[in-house]
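Hello,

Here is the structure I said I would pass on. My notes follow below it.

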Amino acid sequence: MLDFIVQILSNPAITLGLIAGIGLVALKKSGSDVIKGMLKTIFGFLILNAGSGVIVNALIPFSTMFTAAFSLSGVVAEDNALVAAVQSVLGLETALIMVGAFLVNILLARVTKWKYIFLTGHMMFSFAGTMAIVLAQMGLRGWAAIVPGALIQGVSMVLFPAIAQPFVRKVTGNDNVAFGFWGSLPIVLSGYIGGKFGDKSKSTEDIHVPKSVDFLRDMSILMGLIMLIVFTVTAIFVPAEVRDSISAGQNIFVFSAIQAFTFAAGILILLQGVRMFLGEIVPAFKGIAEKIVPGAIPALDVPIFYSFAPVAVTVGFLAALVGGLAVTFLSAFLPVVVLPSVIGLFFMGGAAGVFGNTYGGRRGAILSGLILGFSFSLIVALAYPLVDLSSYGISGLWFASTDAIIVVVIMRLFGMLFGLG
Amino acid sequence: MKIITVCGMGMGTSLMLLMDIQAMAKKNGIVLEGEAMDLSTANGVSCDLAVASKEIAGNLNIPGAVIIPITNIIDKKEIESKVLPVLLELNSK
């Protein structure tokens with residue numbers, strides 16, 4: 001009987017479902033709403049697992065192709081896919097670190113002058129998973145991982161928005177919202193530095209951008225196209241003698257196109273799952289936080305800045321793509337080849353464009369995007385040796401969020417000092 | 001009445017937008033069913049009202065739905081002034 005209860009409670013899908021349930025009960029929702037919320041959370045989590053399976057299966061042949069073609073390993077930086085892929089092993093730690101971090105965040109916002117409440121759900125999930133992975137590599141599992149993981153994440157959820165706020169205020173003009181996104185530091189710094197070399201009076205918003213580039217707003221299209229290019233270019237360089245063994249006799253270009261689209265489709269499945277469980281948990285978190293912390297400032301996802309300079313978003317993204325590609329080509333000399341990671345480059349590059357435009361107009365936006373794309377990919381390449389994911393059967397994926405990677409690097413260095421991992 | 005909110009990933013900004021609109025609806029005694037989603041999903045659903053940032057809204061094509069573009073997604077006053085009249089009108093139907 002005890003074993004039965006332990007098995008139920010240690011299943012991350014059920015744990016998250018219960019967390020959502022507790023949150024909804026605390027908000028005095030009706031019985032049907034509570035049951036609906038719990039079930040949707042559980043379904044969402046299971047869909048997430050299914051999506052990660054699709055992604056991992058598309059990346060395994062790709063990694064083989066890439067190594068056969070270039071004798072190097074290549075990775076795509078994508079947190080959600082990576083964290084989802086370790087859930088069968090570290091699911092319980094991830095779920096409890098996420099909730100613990102939320103409680104630490106509320107406590108800090110309540111007692112300190114930093115009133116930030118971090119509400120970007122997928123970022124909370126990916127950071128919690130990152131903590132679980134890194135602590136496991138340092139030999140810590142169970143409560144020994146959950147407690148420090150939750151503390152570190154909870155502090156980060158207040159600290160990073162606090163660091164970014166002076167820059168955010170410059171863009172938004174007030175303190176109503178904060179920046180709740182694990183790329184905030186490189187974005188505000190790229191914007192500030194890029195802007196130093198620009199001219200504020202020449203805004204990106206006076207540039208006319210043709211309507212036809214608007215399709216870039218659709219993540220799935222953009223990701224599908226970029227992955228198709230990356231996979232096809234790799235296929236060209238795969239030596240003829242190993243082609244058949246990789247593609248099981250199928251034409252290598254047909255095979256790689258299907259794998260590229262399967263990867264994009266896997267991301268779509270995964271995001272649908274994340275969306276379903278966050279749709280229940282985030283409103284519960286928000287409701288609880290608002291009751292406990294008067295004057296709470298919500299720290300929100302990166303697109304809140306896009307409306308301040310929509311053209312700068314496109315400019316910043318394209319510049320970031322160039323910066324990221326530069327690292328891809330340079331990384332033959334680095335520990336790993338960082339492939340253009342569209343989601344990160346798009347969302348972070350776009351925001352860097354907005355900050356760059358605020359500080360230094362057009363030239364500021366372009367330079368900020370370039371700096372962002374370059375540093376985003378370079379940090380992934382340099383930090384790569386610090387966390388080995390092969391024991392989870394994951395190849396071709398690595399962490400993307402720069403802020404989280406900075407925390408990981410500090411933790412690993414600290415760990416080495418004290419002989420952990 | 002079914003409303004959707006849309007953003008690039010369908011889980012960050014759109015969810016915040018949805019919560020703002022739900023709070024607004026509740027205050028005015030309007031019952032609604034809401035969901036946050038990404039652009040590709042949004043173009044395949046049916047709903048009465050879709051709300052998104054201006055750039056995303058330009059790519060929305062949902063037959064039979066009112067589409068409201070929001071210029072500044074964190075400006076609650078703008079959201080209320082654009083969305084509430086439509087909610088009240090749809091509710092009276």
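**Chain A: surface and fold**

Chain A exposes about 16,200 Å², and carbon and sulfur atoms supply 71% of that area. Please keep in mind throughout that this is a predicted model.

Chain A contains 14 helices and six strands. Its radius of gyration is 21 Å, close to the 22 Å that the globule rule gives for 421 residues, so chain A is as compact as a globular protein of that length. Along the principal axes, the C-alpha atoms of chain A fill a box of roughly 60 × 60 × 50 Å. Of the 421 residues in chain A, 58% are buried. Among contacts in chain A between residues at least 6 apart in sequence, 85% join residues at least 24 apart. As for charge, chain A has 22 positive and 18 negative charges, and their mean positions lie 11 Å apart.

**Contact with chain B**

Chain A puts 28 residues into the contact and chain B puts in 22. About 2,200 Å² is buried between the two chains, with carbon and sulfur atoms giving 67% of it. On the chain B side, B:M9, B:M11 and B:I74 lose the most area to chain A, and together they account for 30% of what that side buries.

Two of these residues turn up again around A:H122, which is found in helix α6 (residues 121-137) of chain A. Leaving aside residues up to four places away in sequence, A:H122 touches A:N80, A:V274, A:L278 and A:D301 in chain A, and B:M9, B:M11 and B:G12 in chain B. A:H122 counts as buried because its relative accessibility is 3%, and the cut-off is under 20%.

Most residues other than glycine have a negative phi. Two residues in chain A are worth a look on that account.

A:S71 is not a glycine, yet has a positive phi of about 55°. A:S71 sits in the loop between α3 (31-70) and β1 (74-77) of chain A. With 63% relative accessibility, A:S71 counts as exposed.

A:A248, also not a glycine, has a positive phi of about 55°. Its place is the loop between α10 (240-247) and α11 (252-292) of chain A. The relative accessible area of A:A248 is 71%, so A:A248 is exposed.

Regards

Terms used
Residues are numbered from 1 along each chain as its sequence is written. Chains are lettered from A and ligands numbered from 1 in the order in which they are written. This is a predicted model: local features need pLDDT of at least 70, side-chain atom pairs count only at pLDDT 80 or more; totals for chains, interfaces and linings use all residues. Side-chain values use heavy atoms; hydrogens and water are left out. Helices (H or I, at least four residues) and strands (E, at least two) are DSSP runs, numbered from the N terminus. The radius of gyration is taken over C-alpha atoms; the globule rule is 2.2 Å times the number of residues to the power 0.38. Buried means under 20% relative accessible area, exposed over 50%, partly exposed in between (1.4 Å probe, protein chains only). Contact means heavy atoms within 4.5 Å. Accessible areas come from the Shrake-Rupley method with a 1.4 Å probe; for residues, only the protein chains shown count as cover. Lys and Arg count as positive and Asp and Glu as negative; His and the chain ends are not counted. The place of a charge is taken as NZ of Lys, CZ of Arg, CG of Asp or CD of Glu. Buried area is the accessible area (1.4 Å probe) that two parts lose on being put together, summed over both.
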